[in-house]
Amino acid sequence: MGLLDPWGCSYDDDGYDSEGYNRKGFNRKGVHRNGTRYDDGGYDREGYDENGYDRRGRDCGGYDRRGFSRRGIHQNGTRYNNRGFNKKGFHRNGTRYDAEGYNEFGYDSGGYDREGYDQAGFDRRGFDRHGRDEEGYDREGYDREGYDREGYTLKGFTRGRAHRNGTLYDDEGFNKSGRDGEGYDREGYDKAGYDREGYDREGYDREGYDREGRNRGGFNRQGYDREGYDREGYDREGYDREGRNRRGFDGNGIHRNGTHYDEQGYDQDGFDREGYDKHDGDREGYSRKGFNRQGFTRSGRHRNGTFYDDEGFDRSGRDKTGYDRDGLDLEGRDRDGLDQFGYDRDGFMPHWSYEKTTWCGSKEFGSSDPGIPITETRYHWGKRPDGEFAWAAMIIGWRDREGRDREGYDQDGFDREGRNRRGFDREGYDREGFDSQGRNKDGYDRKGRDREGFDREGRDREGYDREGYDREGFDRWGSDREGYDREGYDWLGRDREGFDRNGFRE
């Protein structure tokens, strides 16, 4: 029957409560209420810690952590441990230190072990086994993030991006990430691993080719190795190292079987012994029935009984007007008389205009229908070359390859001498050096006068200078700069000595 403890808890005959735990808080599997195999004190159901010692510090054999029993006998059967120390810490030599000067715990009189570290794990200079002091700085004075006590890295950068010199770059021109202003590291490579010439550390560019133009497989950009063979083993003419092409023929047309025909019965040109290819065409392109692939006989008659096919083209591929299927004549010109580049026979290209925009060329609206002059307005539903919608276009002029019209003027309206249709150069002056208002670069008109009417000597048409005096120094009223007339009298009628015209002085 169950039992009750002093607190009224009920336990079964094995000592477990209704939840399956004993008085120490362990279940039958040895798991504590806290979910581990150890109670809050660190001991399991049997009373031992994770190292196998009970609360008194002894293992199941009765030995303490130093290996001694209560009677002072060591696990080795003697009163001294393997290092020569007894239970009280004395060595066989009668002291607390062995012959090397270390106590039973392995520390010398200064408190350092055989490796030179104290119980806190620091050496005599104050550094731990990882080479750091109590503040976390290594022997060079840097913390785990690489900063010294002043907050600088070995290369002189702060935790931000600034350098000791006050800029974002060190004295060699590299930032905190070790890259210069162009993004290259100290070895000269960018983040993608390429140098300024575009090659990686192995010497290959972004496309995988070295400076000699060969990839890692030894092939150049055309796909050939140093001996001139491609990946399949064929040279530029299509022959392998044995001198045979892909069909097995050599340069003389002999197959590897020793004949002029392969296993299918075709020679190196693809014709059988009767002279026909796989499509039943002879070397001239005619079948056994006498028709070529376009349906024409050797005489030029089509299957339909005429000399033109159902699309209106003859055996040579031209219609009745002489244009081929691409709309070009024998000279390679379209129905507008323009070549493949859009120029007429005189070397001029039409210049189109639509919706306040111009476009040079003719092909964007296609060839005109027969009978429609090229100079007329073209109507076209769709998009312009720039992607915008447009429906009408009109030729506003013709330009040659230099961008000049038939009169020799460029798009800005200037001829090869740099003059427009009115004879003015790009600065606006005619051949005599006068602008549209009749003045030269110095501001003088054709008569040599400026806008105020003065000549290059600074005189007007009456001979007066800008201050109003003539060459003799008199103004329009006959007085000089001192106020005396040509006879030497001022406006009061007195000369410079104060005499009037009668010789009297006041």
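The points below go from the basis of the model to the chain and then to single residues.

1. Basis. This is a predicted model, in which local features need pLDDT of at least 70 and side-chain atom pairs count only at pLDDT 80 or more, while totals for chains, interfaces and linings use all residues. Residues are numbered from 1 along each chain as its sequence is written, and side-chain values use heavy atoms, with hydrogens and water left out.

2. Confidence. The mean pLDDT of the chain (the predictor's confidence in each residue, from 0 to 100) is 87, and 89% of the residues score at least 70. Among the elements, strand 2 has the highest mean pLDDT, 84, whereas strand 4 (residues 357-360) has the lowest, 42. Residues 355-385 have a pLDDT below 50, although this stretch has 74 contacts in the model beyond near neighbours in sequence. Where pLDDT is low, the predicted coordinates should not be read in detail.

3. Secondary structure. The chain has six strands and zero helices, counted as DSSP runs numbered from the N terminus, where helices are H or I of at least four residues and strands are E of at least two. The order of elements from the N terminus is accordingly β-β-β-β-β-β.

4. Burial and surface. Of the 506 residues, 43% count as buried, where buried means under 20% relative accessible area, exposed over 50%, and partly exposed in between, with a 1.4 Å probe and protein chains only. The accessible surface of the chain comes to about 34,700 Å², with 44% of it belonging to carbon and sulfur atoms; the areas come from the Shrake-Rupley method with a 1.4 Å probe, and for residues only the protein chains shown count as cover.

5. Contact range. Of the contacts between residues at least 6 apart in sequence, 8% join residues at least 24 apart, a contact being heavy atoms within 4.5 Å.

6. Rings and charges. Zero aromatic pairs are found in a search of the whole structure, where rings of Phe, Tyr and Trp (its six-membered ring) pair if their centres lie within 6.5 Å, planes under 30 degrees apart counting as stacked, over 60 as edge-to-face and the rest as tilted. Charges over rings do occur: the charged end of Arg 211 sits over the ring of Tyr 199, 4.1 Å from its centre, and Arg 303 lies over the face of Phe 291 at 4.3 Å from the ring centre. The criterion is NZ of Lys or CZ of Arg within 6 Å of the ring centre and within 35 degrees of the ring normal.

7. Asp 280. Most residues other than glycine have a negative phi. Asp 280, which is not a glycine, has a positive phi of about 65°; Asp 280 lies in the loop between strand 2 (10-11) and strand 3 (349-354) and is partly exposed, at a relative accessible area of 27%.

8. Asp 113. This residue is also placed in the loop between strand 2 and strand 3, and Asp 113 is buried, with a relative accessible area of 14%. Its side chain reaches the backbone nitrogen of Gly 116 at 2.8 Å, and a polar atom of that side chain lies 2.7 Å from the backbone nitrogen of Tyr 117. Not counting residues up to four places away in sequence, Asp 113 touches Tyr 102, Gly 106, Tyr 107 and Arg 129.

9. Asp 39 counts as buried at 15% relative accessibility, and its side chain makes a polar contact with the side chain of Arg 55 at 3.1 Å. A polar contact is a pair of N or O atoms within 3.5 Å; within protein, one must be able to donate a hydrogen and the other to accept it, and residues adjacent in sequence count only if both atoms are side-chain atoms. For Asp 314, the side-chain partner is Ser 316, at 2.7 Å, and the contacts beyond four places in sequence are with Phe 296, Phe 307 and Tyr 308.

10. Arg 416. Which residue's side chain makes a polar contact with the side chain of Arg 416? The partner is Glu 402, at 3.0 Å. Arg 416 lies in the segment after strand 6 (389-399) and counts as exposed, at 55% relative accessibility.
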